[in-house]
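Reader: Could you go through this one with me? I'd like the cut-offs spelled out as we go.

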Amino acid sequence: MTTTEATPNPFQSARILLKELQEKFTVFGEFLPLAIGIDKQLIAQSPDVSRKALRTALGIHTNSLRYLKGMEKATVRFNLDGSNADEVTDVHRAHATTTLKERFKKNAEQRKAQRQVEETQRKAEAAQKQVAEAELQRAEKLSQLAEKFSRKN
């Protein structure tokens, strides 16, 4: 596990720690519901691990889409060794469902806003193209008129 060595970015060190946890422990690798107090189990196994990096890594893991989707349907939580811990409560399942719905709603709103921005840009480009075409036609007509009147003189 990652020790308390100085790293440039705490979030990056938490990501590295999480990757190590996912490789070392099946419960992390398979995104199974974690036992409440799993942080104490991890610290007991690796007392040199940075508690801040561990908290951040656990936050990243438990807020991931895969973990929340698993929590929505789960009935049992698991210890580090894969053994059953306590039950997943209805409150925790409901929290996972709510979090997922909010995340999906937020993503849908962001996609909608992005589509609106793109549509506005397309309309602006089309308007610019029309203006450019009108200017070109105007210049062409002026050129034709100038040529017509210059021939008569």
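Reader: Is L142 buried, partly exposed or exposed?

Author: L142 is partly exposed, because its relative accessible area is 45%, where buried means under 20% relative accessible area, exposed over 50% and partly exposed in between, with a 1.4 Å probe and protein chains only. This is a predicted model, in which local features need pLDDT of at least 70 and side-chain atom pairs count only at pLDDT 80 or more, while totals for chains, interfaces and linings use all residues. Residues are numbered from 1 along each chain as its sequence is written, and side-chain values use heavy atoms, with hydrogens and water left out.

Reader: Where does L142 sit, and which patch does L142 form with L145 and F149?

Author: L142 lies in helix α6 (residues 90-152), helices being DSSP runs of H or I with at least four residues, numbered from the N terminus. Together with L145 and F149, L142 forms a nonpolar surface patch of about 290 Å² accessible area. Patches take residues with over 30% relative accessible area and no salt bridge, joining nonpolar side chains (Val, Leu, Ile, Met, Phe, Trp, Tyr) within 5 Å and like charges within 9 Å; the areas come from the Shrake-Rupley method with a 1.4 Å probe, and for residues only the protein chains shown count as cover.

Reader: And salt bridges, how many?

Author: The count comes to three, a salt bridge being a side-chain nitrogen of Lys or Arg within 4 Å of a carboxyl oxygen of Asp or Glu. One of them joins R93 and D90 at 2.3 Å, N to O, and these two residues lie three apart in helix α6, about one turn of the helix.

Reader: Buried or exposed, those two, R93 and D90?

Author: R93 is buried, with a relative accessible area of 19%, whereas D90 is exposed at 58%.

Reader: What about the E23 and K19 bridge?

Author: The side chains of E23 and K19 meet at 3.9 Å, N to O, and both residues are exposed. They are four residues apart in helix α1 (residues 10-24), so about one helical turn separates them.

Reader: Switching topic, which aromatic rings pair up?

Author: A search of the whole structure finds one aromatic pair: F25 and F28, tilted, with 6.4 Å centre to centre and 55° between the planes. Rings of Phe, Tyr and Trp (its six-membered ring) pair if their centres lie within 6.5 Å, and planes under 30 degrees apart count as stacked, over 60 as edge-to-face and the rest as tilted. F25 is buried at 7% relative accessible area, and F28 is buried at 0%.
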